[in-house]
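Colleague: I'm new to reading helices in a model. Could you walk me through this one?

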Amino acid sequence: MSDWRGDGTEFTVAGGLNSISYVLEEITVAGHTVGMLSERMGQLIDTLESEGNWLSRAAVGALPYPYGPLAAVRNAVWIAGRGKEEIANFAHKARRAGENYADVEASNAALIARINRLSALHKGLNTWLLGPLAPLQFIFDAAALSRQPGMGLRDLTEKMLNDGGAYGAGLLGPGAGVLYLLSQLRRQNLGASGVQPAFMLRKAFDGTGLARPGQVAVRAVPVREWDPTDPYYPPGHASYADGVPWKVEASIEGLLAGTSDAYKYPPGSIGVVRIERPDGSNAWIVHLPGTEDWSTIDSKNPFDMEGNLEGLTAAQREAFQQQEVVVQELIKEALRASGALPGDDVLLTGHSGGGIHAAAAAADPAFLAEVNVKMIIIAGSPAKNAAVDEGTSVLDLQNEHDIVTATDFGPPAAAPNWVTATSHRPPSGNGSDLGKVIQEAHAIDNYLKDAATLDQSQDPAVEESREILRTIMGAGGAGAAVAGTKWVYQGRDVNSQPETKAQPKSKPNPTIDRAKKAGMGGSFNTGTRQQPLIPSVGTSIFPSSPSARKQR
């Protein structure tokens, strides 16, 4: 972990080149290399033994007898054998170093979390013992927690989420405290604690029918609906079917700007950019917006509450009625429609809920089998519980007061492939308006400012992330504008099992009745054209004019 200051904003950077895990990974790789050396030494020992046996047989009856050379060969074989054992032992220890450290780190984290919960339970019981004065002690405890040095709203929220249950059980008295302790006996996997509330909430939505299984319907969005500077083209014009020439700046800010633009598209839309690299290959960038519809749990927009829960519980999808993550299907269909091939490099960007989906996709083996995700850049997203594949690089932008990033119950692990840059951006004004501080901390515009500052950072982990994104894009230098082609696709969450409504009793039809009596099967064409549930890409399923929407 390291600190870096730029343009008045201080950053704490964890993971990547700053992490102990990265160093241990390098040692592990060195261990494999040394292990190969040990194997080659075994071949050398076999050769020396063969030469010694040959010399021993050839020297039978020779005068003078070559005692010295034979002893030298035997000594060389013995020294090489000892060296092989020591090298093999060192290689084994080096390979185990990373695993041992990870085990110890996980045990320590679990122990610290358990101690914190027991401390919170103890404080709650002490407050309960005060009887009528308990509310005053509760206010005092809350004030003391908020005044802890170096703790922003994000860390404060994480601590409340992790320890609040224990404190609340203590407030209810010894009986509730004992029940809480018993519930902790079976609690083994602390790393998934942030997933459990999303899992239970989604189960509740399933059971009550508030969320119903669905699938995605996709259409290509004409340029006039997402680029106000584009001239009007008649419907069906090839200008959007073939994509629009576009340029992307090869920087953190340039990549995150695409996600900011996604908020201006028609609801439920994502941006896809094809980058033509100098070697003739293509790379792809997919820009995801955050949550756009908070009014309905299961709306037509994939970026709603149901979509967030799908992303947070993507690894447990088999436990729910909905077996597909609709946003992931939207990404795959958009890439396919744009001409992406399975082996092409893909970079995903997302803010807030869009970051949840980017991380969930990069952690899903089924998705990765079809889409080669090389990197994700996310901002303001509670995504640390997604077990992102080790082959995918992650650059995670957070803010110390962004409580949205606290809903995953803790900071991301400082892994070699996951770099977290937390900005300690001072709030505007005097910071006394708590609502404004929270809003500013999560705003995409402020994360864009953080990204611009990080583009100038000399922190090794951030520099490595910038180098990775430039390599993916085939950019010659820092901040270079790379030519590409852009499409925008709009997704709609279509329920697979639509609600049934009571139909009015139809009047008898003599023709149909006679046919039924005659035993005729099939259906009758009454002149009503049946529409497919999921139209093909390019078929509009929305009104011609996009509705206005606000960034969430």
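Predicted model: local features only at pLDDT ≥ 70, side-chain atom pairs only at ≥ 80, totals over all residues.

Colleague: At roughly what angle do the axes of helix 3 and helix 4 cross?

Modeller: Axes here are lines fitted to C-alpha atoms, for helices over the stretch in contact, and angles run from 0 to 180 degrees between N-to-C directions. Contact means heavy atoms within 4.5 Å, and here it involves residues including F138 and L145 of helix 3 with L156 and Y167 of helix 4. The axes of helix 3 (residues 134–146) and helix 4 come within 12 Å, and the crossing angle is roughly 160 degrees.

Colleague: Where does helix 4 bend?

Modeller: Look at its ends: helix 4 (residues 153–171) has 19 residues, yet its end C-alpha atoms are only 24 Å apart, short of the 27 Å a straight helix would reach. That expected span is 1.5 Å times one less than the number of residues. A bend is the angle between axes fitted to the seven residues ending at a position and the seven starting there. For helix 4 it comes to about 50 degrees, at D163.

Colleague: Is S352 buried or exposed?

Modeller: S352 sits in the loop between strand 7 (345–351) and helix 11 (353–362). S352 has a positive phi of about 60 degrees although it is not a glycine. Buried means under 20% relative accessible area, exposed over 50%, and partly exposed in between (1.4 Å probe, protein chains only). With a relative accessible area of 7%, S352 is buried.

Colleague: And what relative accessible area does F409 have?

Modeller: F409 is in the loop between strand 9 (393–399) and strand 10 (418–423). F409 isn't a glycine, but its phi is positive, about 70 degrees. F409 counts as buried, and its relative accessible area is 15%.

Colleague: How many helices and strands does the chain have?

Modeller: Both are DSSP runs numbered from the N terminus: helices are H or I with at least four residues, strands are E with at least two. On that basis, the chain has 16 helices and 11 strands.

Technical notes
Residues numbered from 1 in each chain as written. Heavy atoms only, no water.
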